[in-house]
Each structure stands twice: as C-alpha cells, then as structure tokens.
Amino acid sequence: MSTFGSKRIVVGAHYGLRDWLAQRVTAVLMALFTIAVLARFLMPGELGYDHWYGVFAPQWMKVLTFVAIFSLAYHAWVGVRDVLMDYVKPVGIRLVLQVFSIVWLLGCAGWAIQVLWRL
C-alpha cells in the first residue's frame with residue numbers, strides 16, 4: 001500500500017466533463033453558423049435590408065439561427081457559472097448572481113427569437 005499522494009474521492013460531479021464537452025459542441029455549432037452566415041452574405045447582391053432579410057428568410061436558416069442562439073446562451077451560461085463558482089465564495093451572493101445570469105440569458109435569447117420570428 002502506498003503512503004504518498006492523495007486519494008481521489010469521486011463524488012459524482014463528473015469533474016466537469018459534461019460542461020467541457022458542452023462548451024466544445026456549442027462552440028462548433030456557433031462556428032458552423034458563422035460560416036453559413038458569411039457564405040450567405042458573400043453571395044452577389046447589394047448589402048441592404050432586402051439582402052439581410054433574404055439571408056434569414058428561409059426556414060432552414062431560421063432553424064439554424066435558433067440553434068445558434070440556444071448554443072450561445074448555453075455556452076455563456078456554462079462559462080459564467082464556472083467563473084461564479086470559482087471566484088464568488090459567499091453562497092448567497094453567488095446564487096443571486098447565477099439567478100440574474102439565467103434571467104438575463106433567457107431574456108436575451110427570447111428577444112433574439114422574437115426578432116427572428118417576429119412574434
């Protein structure tokens with residue numbers, strides 16, 4: 001039996017693997033969305049309201065934009081939550097900041113979807 005080193009106790013937190021993977025997957029989705037939008041904007045035509053409207057008019061682009069909005073909100077939530085857990089030690093303040101972050105991100109995502117589908 002070894003007497004040196006620490007013994008790692010697994011408590012079921014998965015040590016951030018799920019969050020790490022979520023950050024990578026959402027980053028890839030946002031990168032693909034950016035490439036799709038750039039490809040649509042590089043199409044010939046005048047860059048005005050009509051062109052802008054034409055980029056987001058097809059249903060597939062609206063769905064892709066919805067996925068990108070959701071990805072951005074989740075990506076931001078994981079990052080903000082990690083920063084708050086690492087640097088804000090008082091539990092009450094951290095909880096208030098996390099709730100504020102959730103409400104803010106949901107509000108921003110809701111507003112973006114409202115703009116996208118003109119609800």
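## Helices and pockets of a predicted model

Residues 96–117 are 100% helix and 0% strand, with the end C-alpha atoms 31 Å apart. Helices here are DSSP runs (H or I, at least four residues; strands E, at least two), numbered from the N terminus. This is a predicted model, in which local features need pLDDT of at least 70 and side-chain atom pairs count only at pLDDT 80 or more, while totals for chains, interfaces and linings use all residues. Residues are numbered from 1 along each chain as its sequence is written, and side-chain values use heavy atoms, with hydrogens and water left out.

The mean pLDDT (the predictor's confidence in each residue, from 0 to 100) is 87 for the protein, and 87% of the residues score at least 70.

Over residues 21–43 the chain is 91% helix and 0% strand, and 34 Å separate the end C-alpha atoms.

Helix α1 (residues 17–41) packs against helix α3 (residues 59–87) at about 145 degrees, with the axes 9 Å apart. Axes are lines fitted to C-alpha atoms over the stretch in contact, and angles run from 0 to 180 degrees between N-to-C directions. The contact of α1 with α3 involves 15 nonpolar, six polar and four charged residues. Nonpolar means Ala, Val, Leu, Ile, Met, Phe, Trp, Tyr, Cys and Pro; charged means Asp, Glu, Lys and Arg; the others, Gly among them, are polar.

A pocket is an open set of points on a 1 Å grid over the protein atoms alone, where a 1.4 Å probe fits, with protein on both sides within 12 Å along at least five of seven lines; lining residues have an atom within 4 Å of a point. A volume is the space filled by probe spheres set on the points.

| Pocket | Volume | Lining |
|---|---|---|
| Largest | about 440 Å³ | twelve nonpolar, two polar, two charged |

Of the 16 residues lining the largest pocket, W52, F56, V115, L116 and R118 are the closest to its centre. Helices α1, α2 (49–56), α3 and α4 (91–117) each supply at least two residues of this lining. For the second largest pocket, α3 gives the largest share of the lining, six residues. Its lining residues include F66, W77, I102 and I113.
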